[in-house]
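Subject: Structure handover

Hello,

Here is the structure you were going to look at, with my notes below it. Please read them with the model open beside you.

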Amino acid sequence: MSKTGLMIITDGSEEMEVIITVDVLRRAGVNVTIAGLTGSQPVKCSRNVVIVPDKSLADAKGVYDVVMLPGGLEGAKALCRSDDVKAILMEQEKSGRLIAAICAAPTALKSHGICLHKSLTSHPSKADEMKEGGKYKYSEDRVVVDGKLITSRAPGTAFEFALSIVEHLCGKEKVNEISPAMVLK
C-alpha cells in the first residue's frame, strides 16, 4: 500500500518548499495531495508563483501518513490562525502519524500546541519566537527529526527536508533509489 501525504498551502506559502517537497515525495511513490486552505482556487505564493491545489482542504479530509506545512511568512500566519489546520494536526499527533513543517511553518505548531517539548528548527528569523516560552528544544540544524516530527529551516533545505520525509515513510533504500536521477548527494 502506497504512503500518503497532505501538503496544505495558502496565499503566501513558500513555493520552493511546496514544489520541491511534493515532487520528491511523488518521485518516491508517495501519493501527495496539495490542499488549498481556503479552497481549490489557485494560490499565489510568496514570490508570486501560482499553484493550483489538487483540492480544497475541506475536500481533502482523511488519514494521511504525513501532513506537511510549508513556510512563507504570510502563509505561515494563515496556518497559525486556522482551526482546520489545528484539528488536522491534533489528530495527526494523537494518532502517532508524521508531521513535517519547514521555514516559518513551525510557528503553526506552536500556535496550535502541537508536538510540545520536542526538538525542532525553523527559519532563523523565527528562532526567538520558537524558543520563547520553553515549549520546544530549539536546534539550528538544517533538518531536525524528533520521533514523528520533522522540521527544517528554509527553501535551501527543502531537498534535505523532503528526503527526510521519504526516509521516514519509505526507508533509506528509497532515498538512495531516487537521489541519483536528481543529481543529489
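Is Asn-48 buried or exposed? Asn-48 counts as exposed, because its relative accessibility is 55% and the exposed class starts over 50%. Please keep in mind throughout that this is a predicted model.

Loop between E3 and E4

Asn-48 sits in the loop that joins strand E3 (43-44) to strand E4 (50-51). Its phi is near 70°, a positive value in a residue other than glycine. Arg-47 is found in the loop between E3 and E4 as well. With a relative accessibility of 59%, Arg-47 also counts as exposed. Apart from neighbours within four places in sequence, Arg-47 is in contact with Glu-14 and Glu-15.

Overall picture

The protein chain has seven helices and eleven strands. Its C-alpha trace spans about 40 × 35 × 35 Å along the principal axes. Among contacts with a separation of 6 or more, 63% are between residues 24 or more positions apart.

In soluble globular proteins, nonpolar side chains tend to be buried together. Here the largest nonpolar core has 32 residues, and those with the most contacts inside it are Val-24, Leu-25, Val-66, Met-68 and Ile-165. Two or more residues each come from E1, helix H1 (15-27), strand E2 (31-36), E6, E7, helix H6 (158-170) and helix H7 (172-178). H6 gives the most, with seven residues. A second, separate core has 27 residues, including Ala-60, Tyr-64, Ala-101 and Leu-120.

Not counting residues up to four places away in sequence, Met-68 touches Gly-5, Leu-6, Met-7, Ile-8, Thr-21, Leu-25, Val-32, Ala-100 and Ile-165.

Helix H3

Helix H3 covers residues 83-94, twelve in number. From first C-alpha to last, H3 reaches 16 Å, close to the 16 Å expected at 1.5 Å a residue. Which residues of H3 are buried? They are Val-85, Ile-88, Leu-89 and Gln-92. These residues lie on the same side of H3, because they cover an arc of only 95° around the axis. An α-helix has 3.6 residues a turn, so residues three or four places apart point the same way.

The buried residues of H3 pack against strand E1 (4-9), strand E6 (66-69), helix H2 (73-81), strand E7 (98-102) and helix H4 (106-112). On the face turned away from the buried side, H3 carries the exposed residues Asp-83 and Lys-94.

Both ends of the helix have a local feature to note. At the start of H3, a side-chain oxygen of Ser-82 comes to within 3.2 Å of the backbone nitrogen of Asp-84. Just after H3, Gly-96 has a positive phi of about 70°.

Other residues

Cys-103 lies in the loop between E7 and H4. Although Cys-103 is not a glycine, its phi is positive, at about 70°. Cys-103 is buried, because its relative accessible area is 8% and the cut-off for buried is under 20%.

Lys-126 is placed in the loop between strand E8 (119-120) and helix H5 (127-131). Is Lys-126 buried or exposed? Lys-126 counts as buried, at 16% relative accessibility. Its contacts, not counting residues up to four places away in sequence, are Leu-73, Ala-104 and Thr-107.

Asn-31 lies in strand E2. At 46% relative accessibility, Asn-31 counts as partly exposed. Leaving out residues up to four places away in sequence, Asn-31 touches Ser-2, Lys-3, Thr-4 and Gly-5. Asn-31 and Ala-154 are 123 residues apart in sequence, and their C-alpha atoms are 23 Å apart in space.

Regards

Technical notes. Residues numbered from 1 in each chain as written. Predicted model: local features only at pLDDT ≥ 70, side-chain atom pairs only at ≥ 80, totals over all residues. Heavy atoms only, no water. Helix = DSSP H or I, 4+ residues; strand = E, 2+ residues; numbered from the N terminus. Expected span 1.5 Å × (residues − 1). Buried < 20%, exposed > 50% of the residue type's maximum accessible area, 1.4 Å probe, protein only. Arc of directions from axis to C-beta. Contact = heavy atoms within 4.5 Å. Polar contact = N/O pair within 3.5 Å; in protein donor to acceptor, adjacent residues only side chain to side chain. Core = buried A, V, L, I, M, F, W, Y, C linked by side-chain atoms within 4.5 Å.
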